Amino acid sequence: MITNPLFLKRVQLEEKEFSAHPHILAGPLPSNPLEWHFTIRGQKGTIYEGGLYHGVVYLGEKYPFTAPDILFMTVR
């Protein structure tokens with residue numbers, strides 16, 4: 001269980017920011033707040049238009065003081 005108040009505050013802020021973005025759907029797994037899944041919709045007028053790109057973000061226990069690991073699962 002995560003008890004670091006800085007981690008919890010930062011993750012809540014980021015989840016709120018992502019929910020306002022029209023081309024990104026992202027959020028932590030209910031069972032593991034250190035693992036986020038995301039989908040990015042390719043924007044109109046770009047070579048990515050119409051595509052859906054999925055990935056995973058792994059946050060360390062020391063986040064936001066350490067960088068997350070990001071894995072794109074969709075190959076373009």
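How many salt bridges does the structure hold? In this predicted model, the count is one. The pair involved is arginine 10 and glutamate 14, whose closest N and O atoms are 2.6 Å apart. Both residues belong to helix α1, and because they are four residues apart there, about one helical turn separates them. The two partners can also be described by their accessibility. Arginine 10 is partly exposed, with a relative accessible area of 35%, whereas glutamate 14 has 14% relative accessibility and is buried, because the limit for that class is under 20%.

The sheet comes next. Four strands form an open sheet in the order β1-β2-β3-β4, and their pairing is antiparallel. Strands β1 (24-29) and β4 stand at the edges with a single partner strand each, so one side of each has no neighbour in the sheet. From one strand to the next, the twist averages 20°. Helix α1, which spans residues 5-19, packs on this sheet and touches β1 and β2. The direction of helix α1 makes about 20° with that of β2.

The strand pairings can be followed residue by residue. Between β2 and β3, which run antiparallel, there are seven bridges. Across from threonine 39 stands histidine 54, a residue of β3. Strands β3 and β4 also run antiparallel, and four bridges join them. Here valine 57 has isoleucine 70 of β4 as its bridge partner, while glycine 55 stands opposite phenylalanine 72, likewise in β4.

Glutamate 35 does have a polar contact of 2.8 Å, which joins its side chain to that of histidine 37. Beyond residues up to four places away in sequence, the surroundings of glutamate 35 include Gly27, Pro28 and Leu29, and it also touches Val56, Val57 and Tyr58.

Glycine 42 lies in the loop between β2 and β3 and is buried, with a relative accessible area of 10%. Leaving aside residues up to four places away in sequence, glycine 42 touches Tyr48, Glu49, Gly50, Gly51 and Tyr53. The C-alpha atom of glycine 42 is separated by 18 Å from that of glycine 27, and these two glycines are 15 residues apart along the chain.

Where is proline 64 found? Proline 64 sits in the loop between β3 (52-58) and β4 (69-72).

Terms used. Residues are numbered from 1 along each chain as its sequence is written. This is a predicted model: local features need pLDDT of at least 70, side-chain atom pairs count only at pLDDT 80 or more; totals for chains, interfaces and linings use all residues. Side-chain values use heavy atoms; hydrogens and water are left out. Helices (H or I, at least four residues) and strands (E, at least two) are DSSP runs, numbered from the N terminus. A polar contact is a pair of N or O atoms within 3.5 Å; within protein, one must be able to donate a hydrogen and the other to accept it, and residues adjacent in sequence count only if both atoms are side-chain atoms. Contact means heavy atoms within 4.5 Å. Two strands pair if DSSP finds at least two bridges between them. Axes are lines fitted to C-alpha atoms, for helices over the stretch in contact, and angles run from 0 to 180 degrees between N-to-C directions. A salt bridge is a side-chain nitrogen of Lys or Arg within 4 Å of a carboxyl oxygen of Asp or Glu. Buried means under 20% relative accessible area, exposed over 50%, partly exposed in between (1.4 Å probe, protein chains only).
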